[in-house]
Amino acid sequence: MPRLVMKFGGTSVADLDRIRNAAAKVKREVDRGYDVAVVVSAMSGKTNELVGWVRETSLLYDAREYDAVVSSGENVTAGLMALTLQEMGVPARSWQGWQVPLRTNASHGAARIVEIETEGLIRKFGEGLHAVIAGFQGISPEGRITTLGRGGSDTSAVAFAAALEAERCDIYTDVDGVYTTDPRITRKARKLEKIAYEEMLELASLGAKVLQTRSVELAMRYKVKLQVLSSFSDVPGTIVCDEEEIMESRVVSGIAHSRDEAKVTVIGVPDRPGIAAALFGPLAEGGVNVDMIVQNISADGRTDMTFSCPVDEIPRARAAIEAAKASGALDFTGLDVDEDVSKVSIVGIGMRSQTGVAHRMFQALARDGVNIKVITTSEIKVSVLIDRKYLELAVQALHDAFELDKVS
């Protein structure tokens, strides 16, 4: 029988009524002839509550015990979903990550999947049982429970779809698909019927919160067809698929934004080989997620280096840079930090074959008086840093400039 993976996020299983609603969708697919593996998150708000309890108990907590606590939310949901399906006449049982087993490395709190042993699941499919799997969790080489990081249930679902060679992986959430931009910013935002893996990966990494970045990476690597759709309606969602499955690619498919960014400029660093490594090595060791990087023109043997990072990582960035200076590994004359910027990006695989896309973007921002502080580009993306107060204006201006409200 064909296999289908269905993943339900926290808002989709927030209470018993919503679990019943999700279970009804599972039953519908079972009745269509699928062997279904359901991957569930913890009920909405439960993971945050569990994390809070751990931090209240111990500021310097054991990461292994942290995983043991925070993974328990998914166990509860999996059991309740299996019970609900049984009440609806669907043979089902719950599986925790260690029972599958989903094997990971030992990086507690942010583990990476090594392999999934699916023999047990497939055997149970053969017996007519459907699987309800606790997402977000696995088992380390030492036999301890691990978790995959926030949003890890998406990654679990895609990994199971790949391992089970599922026909599709349906990600149920509180939105009914992937939109050209955030509908809360512009009413003209339009739901996309299809989007390429590469575009979705860029949008996810640039601030779109529909899918976790790692889940899209996995889907692209193993060619898992994804569908993003709503738990609360029966309308078709957005298919994330290979570029070849999209008839005609738009130049720009979507506008992403990240509100809480910061711009850091390290002034007067020596312009010599190795200076970039001397700066970004300590930042990496300090856990700072660096994004946009620009080096200015050299003068008198010195240059300025600018980068962006999430605003809440500025204390760690400052500490890492100052420590590098104190140790003699890095020399600079000043440090300028702007914590009031946002990032806006245009994304589209059509950029590969079109010229003038960046000019069109910059022209649209200029018309509305939006000044650009930093620019970075890739083959299918152009990102800019701007003053945070202009974020909504910039998103709307770019959405209009590229006519994303129109169906191609």
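View 1. Angles here run from 0 to 180 degrees between N-to-C directions, with axes as lines fitted to C-alpha atoms, for helices over the stretch in contact. Helices (H or I, at least four residues) and strands (E, at least two) are DSSP runs, numbered from the N terminus. Please keep in mind that this is a predicted model, where local features need pLDDT of at least 70 and side-chain atom pairs count only at pLDDT 80 or more, while totals for chains, interfaces and linings use all residues. Residues are numbered from 1 along each chain as its sequence is written, and side-chain values use heavy atoms, leaving out hydrogens and water.

**View 2. Eight strands make an open sheet with mixed pairing.** The strand order is β3-β6-β2-β1-β9-β11-β12-β10; two strands pair if DSSP finds at least two bridges between them. At the edges sit β3 (92–95) and β10 (194–196), each pairing on one side only. Neighbouring strands are turned by 20 degrees against each other on average, direction ignored. Helix α1 (residues 16–31) packs on this sheet, touching β1, β2, β6, β9 and β11 (226–230), where contact means heavy atoms within 4.5 Å. The direction of helix α1 makes about 170 degrees with that of β1.

**View 3. Strands β2 and β6 run parallel.** Four bridges join β2 (residues 35–40) to β6 (residues 130–134). To find one of them, look for V39, whose bridge partner in β6 is I133.

**View 4. F8 and Y172 form a stacked pair.** The structure holds three aromatic pairs; rings of Phe, Tyr and Trp (its six-membered ring) pair if their centres lie within 6.5 Å, and planes under 30 degrees apart count as stacked, over 60 as edge-to-face and the rest as tilted. The F8 and Y172 ring centres are 4.7 Å apart with planes at 15 degrees, so this pair is stacked. F8 lies in β1 (residues 3–8) and Y172 in β9 (residues 168–173), so the pair ties together parts 164 residues apart in sequence. Both F8 and Y172 are buried (under 20% relative accessible area; exposed is over 50%, partly exposed in between; 1.4 Å probe, protein chains only).

**View 5. Y61 and Y66 are stacked too.** Their ring centres lie 5.1 Å apart, with the planes at 15 degrees. Y61 is partly exposed at 30% relative accessible area, whereas Y66 is buried at 13%.
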